[in-house]
Amino acid sequence: APWSSPVVFAQEAFTSQESCDVQMMQLKQFVNGAPCGVAVEALSRFELRLSCPNWLVDRSGFLSHQKLTVQYRGRPLPSCNGLTLLHA
């Protein structure tokens, strides 16, 4: 999303066989939302691995019209279908 922080890789990250270049991206779902920490790793010429090491699964048992919202500094973290990505 344009309101998330960009990551920039050197060309060598995509051409070497054993790239170890990992960068953290602050990813937001909405402009006014809180960012979660997503690791972006260059794997090969056409591959990126995106992973979020910290997440929460909603097992609250709330009814479908109710929703558990997790916030960071008063702003909602990225969430979809009961899975929330947490701040790094």
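This is a predicted model: local features need pLDDT of at least 70, side-chain atom pairs count only at pLDDT 80 or more; totals for chains, interfaces and linings use all residues.
Local features were considered at pLDDT of at least 70 and side-chain atom pairs at pLDDT 80 or more, whereas totals for chains, interfaces and linings use all residues. Residues are numbered from 1 along each chain as its sequence is written, and side-chain values use heavy atoms, with hydrogens and water left out.

The protein contains one helix and eight strands; helices (H or I, at least four residues) and strands (E, at least two) are DSSP runs, numbered from the N terminus. Read from the N terminus, the order of elements is α-β-β-β-β-β-β-β-β. Of the 88 residues, 23% are buried, that is, under 20% relative accessible area with a 1.4 Å probe and protein chains only. The accessible surface, computed by the Shrake-Rupley method with a 1.4 Å probe, amounts to about 6,400 Å². Carbon and sulfur atoms account for 56% of this surface. Contacts are defined by heavy atoms within 4.5 Å. Among contacts between residues at least 6 apart in sequence, 46% link residues at least 24 apart.

Strands of a sheet pair through backbone hydrogen bonds, either parallel or antiparallel. Here, two strands are taken to pair if DSSP finds at least two bridges between them. Strand β2 (residues 36–44) runs antiparallel to β1 and is joined to β1 by six bridges. Leu 27 has Cys 36 of β2 as its bridge partner.

Another open sheet has three strands in the order β4-β8-β7, also with antiparallel pairing. Its edge strands, β4 (55–57) and β7 (79–80), each pair on one side only. Three bridges connect β4 with strand β8 (residues 83–85) in the antiparallel sense. The bridge partner of Val 57 in β8 is Leu 83.

Strand β8 also holds Thr 84, which counts as buried at 4% relative accessibility. The side chains of Thr 84 and Ser 79 form a polar contact of 3.1 Å, a polar contact being a pair of N or O atoms within 3.5 Å, of which, within protein, one must be able to donate a hydrogen and the other to accept it, and residues adjacent in sequence count only if both atoms are side-chain atoms. Neighbours within four places in sequence aside, Thr 84 is in contact with Trp 55, Leu 56, Val 70, Leu 77, Pro 78 and Ser 79.

Definitions and conventions
Buried means under 20% relative accessible area, exposed over 50%, partly exposed in between (1.4 Å probe, protein chains only).
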